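Here are some notes to read alongside the model. Please keep the sequence and the 3D view open as you go.

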Amino acid sequence: MQHPAELSPLGKSSAYVATYSPEQLFPIPRAPKWDELGLSADTLPYRGVDIWNCYELSWLLPSGKPVVAIGEFSIPADSPNIIESKSFKLYLNSLNQSVFDSREALAEVMARDLSAAAGKPVGVRLRTLEEVAQEGVVVPAGQCIDELDVSIQHYDSPRPQLLSCNPGHQAEEWIHSHLLKSNCPVTGQPDWGTVVIGYRGAALDHGSLLAYLVSFRQHADFHEQCVERIFLDLQRLLHPEWLSVHARYVRRGGLDINPYRSTETRGLGNGRLVRQ
């Protein structure tokens, strides 16, 4: 079956457009992947957001002087569409030789364009390099499980049957791994990420979790769907009182994508990890 992104600019030669061009944005419906996971827009078992950070953002002031900034875009996890990443990059490129009166004026235009593509309101923050530099890098929450001595045999597709827990023991913890890798479903390029998991429920066996996460290594899917699959597999196993799964992906093409899925409404920071 043809992946919806195969109709997008992804993996194709594209003309560089340097003046404002919102038509570059290419929405991809979430519904087919939701259906594959047994979900629908009305039955999502999580709340969440996809946070995109853009490190290659520039435009012109009325004087003709260029400005650079770092953009943060928050796309609701229940929006009808995701925005294909290369089309997002082409849209950002189209701002390079475009004039905007102020940072606030550009943010308003971007919020309008991105919300129209996503199908729900998208949050936009444009920050100075100094603001972001002062925040530095952060360490993921909880215990890192990457040094566990486990035998790994499966890399081709997610294998929830590898997961195990102790139903007789309840745990509340945060754990993380830097070993998440999957591939772009269109270009085959690798996507590298750190996944952070918090929950209260049946105690999760950490070694089984690590083997499960590594089983994504040759799996082809977008960032958002990988995180949703992890969330659902853990929810089915643990029957948790609460569960949060988020991934911080290494940037590609000046963009990093950071999906967050949770049963909770607790706030999520946007702290940059060392590989980002």
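1. Basis. This is a predicted model, in which local features need pLDDT of at least 70 and side-chain atom pairs count only at pLDDT 80 or more, while totals for chains, interfaces and linings use all residues. Residues are numbered from 1 along each chain as its sequence is written, and side-chain values use heavy atoms, with hydrogens and water left out.

2. Strand E4. Asn81 sits in strand E4, residues 81-83. Helices (H or I, at least four residues) and strands (E, at least two) are DSSP runs, numbered from the N terminus. Asn81 is buried because its relative accessible area is 16%, and buried means under 20%, exposed over 50%, partly exposed in between (1.4 Å probe, protein chains only). Beyond residues up to four places away in sequence, Asn81 touches Pro27, Ile28, Pro29, Arg30, Ile75, Ala117, Ala118 and Gly119. Contact means heavy atoms within 4.5 Å.

3. Helix H2. H2 spans residues 85-93, and seven of its nine residues are buried. These are Ser87, Phe88, Lys89, Leu90, Tyr91, Leu92 and Asn93. Their cover includes strands E2 (47-60), E3 (66-76), E4 and E10 (255-262), plus helix H3 (103-118).

4. H2 against H3. The two axes come within 13 Å and cross at roughly 150 degrees. Axes are lines fitted to C-alpha atoms, for helices over the stretch in contact, and angles run from 0 to 180 degrees between N-to-C directions. H2 and H3 are therefore roughly antiparallel, a label for angles over 145 degrees. Phe88, Tyr91 and Leu92 of H2 meet Val109, Met110, Asp113 and Leu114 of H3.

5. Annotated site. Which residues does UniProt list for "binding site"? The unreviewed entry gives Ile83, Glu84, Ser85, His223 and Glu224. They span 142 residues in sequence, yet no two of their C-alpha atoms are more than 11.8 Å apart, so they gather at one spot. Such annotations may be inferred rather than shown by experiment.

6. Two of those residues. Ser85 is in H2 and is partly exposed, at 30% relative accessibility. Setting aside neighbours within four places in sequence, Ser85 contacts Trp52, Leu255 and Ile257. Glu224 lies in helix H6, residues 223-238, and is buried at 2%. With the neighbours within four places again left aside, Glu224 contacts Arg30, Asp50, Trp52, Ile82, Ile257, Pro259 and Arg261.

Key
Angles under 35 degrees count as roughly parallel, over 145 as roughly antiparallel, 65 to 115 as roughly perpendicular and the rest as oblique.
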